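Come along and check each entry against the picture.

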Amino acid sequence: MNAGARLLVLMSAEKEIMKLTRADKGAVYEFQHKFRTNPHSAGLRLKQLKGGEKLWSARVNAELRAVLLHIAEHEYLLIDVKHRGEVYDDLSRYAYRVNRVTGGLEVIDLEPVDDRVLGRMVPPEAAPLFAGYEDDVLMALGVAEPLLPHIRALITEDELLTLIDHAPQLTVDVLLALYDGKTVKQVREQVTEPVRADDVIDPEDLAAAVIRPGTQATSDDEVLQAMLGESFERWRIFLHPTQRKLVEKRTTGATRVSGGPGTGKTIVALHRVAHLAAALDPDDSRILLTTFNRNLAADLRTRLLAIGGQELLRRVDVVNIDRLAMRLAREAGLGAGKELVDEYRIIEYWQSFLSELGEARWSAEFLAAEWAHIILGQMIDSPADYFKARRPGRGRPLSREARGEIWNLTERFSSWLDDRMVWTWRQVAAHAARLEANRGTGTPPRHRYQHVVVDEAQDLSFAHWKMLRAMVPEGPDDIFLVGDTHQRIYDNHVMLSNLGINIRGRSHRLTLSYRTTRQILATALELLSGEVYDDLDGGKDTLAGYRSLLRGGKPTFHGASTWEQEKDLVAAQVQAWRDLRGGSVAVCLPTRDLAADIAARLRSDGVDVVEIGTDGPLRPDGVHIGTMHRFKGLEYRRMIIAGVSDGLVPHQMINSLRDSDPKRYQRERQRYRSMLFVAATRARDELAVFWHGTPSPFLTHRLVRQ
């Protein structure tokens, strides 16, 4: 009986397969299945290629042949699919090496690079792009050795972009970082070290190399099945070596992955869930995948289903954090019949409450924030605890007597809300955290989940983290969180180590953006200039090394005298982009009223408008319109940010805090910067920024004049 074989598919081969006709893609899928069942079947005609050492070929159909690299006795790597007349032309075109940094197997087709880079005349006065770097320096950084002669010949940016289209990922990352002006030390720290293999590398051991994260290959039949449906999305299958290493790494405790927008943090979280689920025993607890926004939670469920199907979803509880807290409260019989109000409306309740009391010593805004962020935010249960509580970011110091007055007012306010059958999401979270903590103190303690994975971790509150800590037993692979504090759009600031979540020594950064162009990225980073962001554990976070492989046009900036004139500009830009008939378009605004106004204007022009609600856009087509908060987790080919005027971004209401509460004023300014940063980084190809009157102070003169 003939034994089957393990067949892996190289990422570059996938690119070639995608160029085939639908019928030929189907033939490749059938070949893959047959080869795994019996590679020595007469119909496949498997044979070693002359002069190719480990290179073999096999029949796909009458016209196509698969080029294979023989890894081990029953293991092959599909590296190319060629017409039968091309397979035997020049086998030296294929160079394969074990990378000395990642330990992964790299296979390069040198022919396209030879033709486009080496096959042209070099002007004698032209200076090679990488003349200042010795071969051993480049190889130590991870550059593929077979490409060194081609790298030496590069003299223009276009040639560099041609080469990296055919180069392994680490080579791409290193060359672009050097070309962008990074020092060798910076490239080593930011690009090379994060993907360095943990074990000893044997350059002759292809079997060990092919299973390392540095090898971008898959053995999943769903790759080609998806191709047949013409709905293939590489994120479902392929991970950058840096990402894959984090997905598969066994940890000794809570682990954090940070990185700028578009670096694949959510992708890492999703694949981490799938990786953890694959190792669960049938009787193990489920995995929790959670995030702050409801629309993001819905998107996570959809993408997780695409990765692992219903079988994976059965092992995973995908729910947004507030709904999870509400579930726990309902289990305990709390809150029946109560109306939930958000933090914006609760100020109105405070105003009514204080008016009834005739209380004028404290403003509704101050008391609402103190109650939400300190008393509820830190789950303070007694005046004694409040007297000694730290109040980071609140700015205004309080005497013991003042704290006593505030405590009494918040106690009375809570009872006042109860009488009106009203409560807030922060109250729900605090109740849920206490309930779960009590559940975990039993003998033996009962934990709901085996693993917890959190997306957009920067947006969760103190009570959310206390609840999550109680839901999972402390130990290996317990909590895996991804996020970026530069994208914090809610005023939740925590120090995880104070909550029993110790991420020190287990924090990792992603720096390569796959979403947006370098030009848009540069603009977005400029929007954050001058701000300092935390790392969720008392230190500073940074976007050092954050970069993109994509290039495009510079973002545009347009001002108008009035809002009516700005609406005209926005409508004209939307029409111009719609005339291109390619890709998604969205318009983002700072307030609901402005969003509604723009939506009405575009509808009057005959534009198909889709407004983004709390659960995201209702459908993918049309021009999407929403506030900055609504765009978290979304992306578009072309993006307009309108209403970026002084007094709107940031809102003028924070000016009252400038003198009375300067620390809170600074935090509010930072939050508005983050919202603008999030909005700008939703754009993949083109970004246009509009304002009326005076532009926002966040739009520096340098940006506006671009």
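**Charges over rings.** I began with Arg403 and found its charged end over the ring of Tyr386, 5.6 Å from the ring centre. This is a predicted model, so I keep that in mind for every entry. I then looked up Arg671, which lies over the face of Tyr672 at 5.5 Å from the ring centre.

**Ring pairs.** How many aromatic pairs does a search of the whole structure find? I noted 16. One of them joins Phe130 and Tyr133: the ring centres are 6.4 Å apart and the planes stand at 50 degrees, so I wrote the pair down as tilted. The cut-off for buried is under 20%.

Next I looked at Trp350 and Trp371. Their ring centres are 6.1 Å apart and their planes are at 75 degrees, so this pair is edge-to-face. Trp350 belongs to helix H15 (residues 343-357) and Trp371 to helix H16 (residues 364-376), so the pair ties together parts that lie 21 residues apart in sequence. I checked burial here too: Trp350 has 0% relative accessibility and counts as buried, and Trp371 is buried as well, at 3%. Both tryptophans belong to a cluster linked by ring pairs, together with Tyr349, Phe353, Phe413 and Trp416.

**The sheet.** Which order do the strands of the open sheet follow? I traced 6 strands as S11-S10-S14-S15-S9-S16, with parallel pairing. Strand S11 (316-320) and strand S16 (507-510) are at the edges with a single partner strand each, so one side of each has no neighbour in the sheet. On average, neighbouring strands are turned by 15 degrees against each other, direction ignored.

I remind myself that strands of a sheet pair through backbone hydrogen bonds. Zooming in, I saw strand S9 (residues 255-259) pair with strand S15 (residues 479-483) in the parallel sense over 4 bridges. Arg256 stands opposite Leu481 of S15.

**Helices on the sheet.** Helix H12 (residues 265-278) lies across S9, S10, S11, S14, S15 and S16, and runs at about 165 degrees to S15. My last entry is helix H14 (residues 321-331), which packs on the sheet and touches S10, S11 and S14. The direction of H14 makes about 105 degrees with that of S11.

Terms used. Residues numbered from 1 in each chain as written. Predicted model: local features only at pLDDT ≥ 70, side-chain atom pairs only at ≥ 80, totals over all residues. Heavy atoms only, no water. Phe/Tyr/Trp six-rings, centres within 6.5 Å; stacked < 30°, edge-to-face > 60°. Helix = DSSP H or I, 4+ residues; strand = E, 2+ residues; numbered from the N terminus. Buried < 20%, exposed > 50% of the residue type's maximum accessible area, 1.4 Å probe, protein only. Lys NZ or Arg CZ within 6 Å of the ring centre and 35° of its normal. Pairing = 2+ DSSP bridges. Axes fitted to C-alpha atoms, helices over the stretch in contact; angles between N-to-C directions. Contact = heavy atoms within 4.5 Å.
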